Amino acid sequence: GFIENLTNWPEEISEEEVSEFLISLLKLENPVIRNKAALALKDRKENKALEPLLIAIFKKENHNYNGTMVYALESLDCSKKLKEIFKILFYESYESKISAYEILCNQTFEFTKQDLIEIQQMWREHKCQLEKKEGISMIQDAVDGFYSL
């Protein structure tokens with residue numbers, strides 16, 4: 001059926017219903033279906049999926065299976081989610097870090113001085129706990145980029 005590709009929808013189903021259905025799939029435990037839904041939302045540039053994607057990304061049980069969902073954020077407007085994108089960059093899997101870095105490099109953000117202070121604090125705490133050094137220079141580059149403004 002259509003769960004395989006999530007792109008061919010019957011004409012009698014409205015765009016709104018398609019979006020709501022795809023967003024509802026993000027709550028499922030099956031990572032394959034979640035990822036297909038996330039990719040369909042990315043293709044649709046469905047910005048109302050931003051919050052549901054972030055909720056799914058930060059669910060503890062999705063930690064090792066959220067790279068595709070973070071990738072889906074790349075086509076959405078993350079301008080008001082600077083701290084959340086940095087949180088992904090600091091704490092999620094390497095695949096997720098790559099997409100978070102892309103978002104930080106390619107989108108424009110609205111943020112406060114307090115946001116920057118909190119990001120700097122998160123980075124200080126995280127840097128001390130890093131066991132693997134994978135991505136550390138990428139993360140430092142992203143942090144420095146916002147502090148040079």
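Among contacts in the protein chain between residues at least 6 apart in sequence, what percentage join residues at least 24 apart? The share is 67%, with contact meaning heavy atoms within 4.5 Å. This is a predicted model, in which local features need pLDDT of at least 70 and side-chain atom pairs count only at pLDDT 80 or more, while totals for chains, interfaces and linings use all residues. Residues are numbered from 1 along each chain as its sequence is written, and side-chain values use heavy atoms, without hydrogens and water.

The protein chain has 8 helices and 0 strands. These are DSSP runs numbered from the N terminus: H or I of at least four residues for helices, E of at least two for strands. Of the 149 residues, 44% are buried, that is, under 20% relative accessible area with a 1.4 Å probe, counting protein chains only.

Now the core. A nonpolar core is a set of buried Ala, Val, Leu, Ile, Met, Phe, Trp, Tyr and Cys residues joined through side-chain atoms within 4.5 Å. The largest one holds 42 residues. Leu53, Leu73, Ile85, Phe86, Leu89 and Leu104 touch the most other members. Helix α5 gives the largest share, 6 residues. Leu104 touches Ile85, Phe86, Ala142 and Phe146, among others, not counting residues up to four places away in sequence.

How values were computed. Buried means under 20% relative accessible area, exposed over 50%, partly exposed in between (1.4 Å probe, protein chains only).
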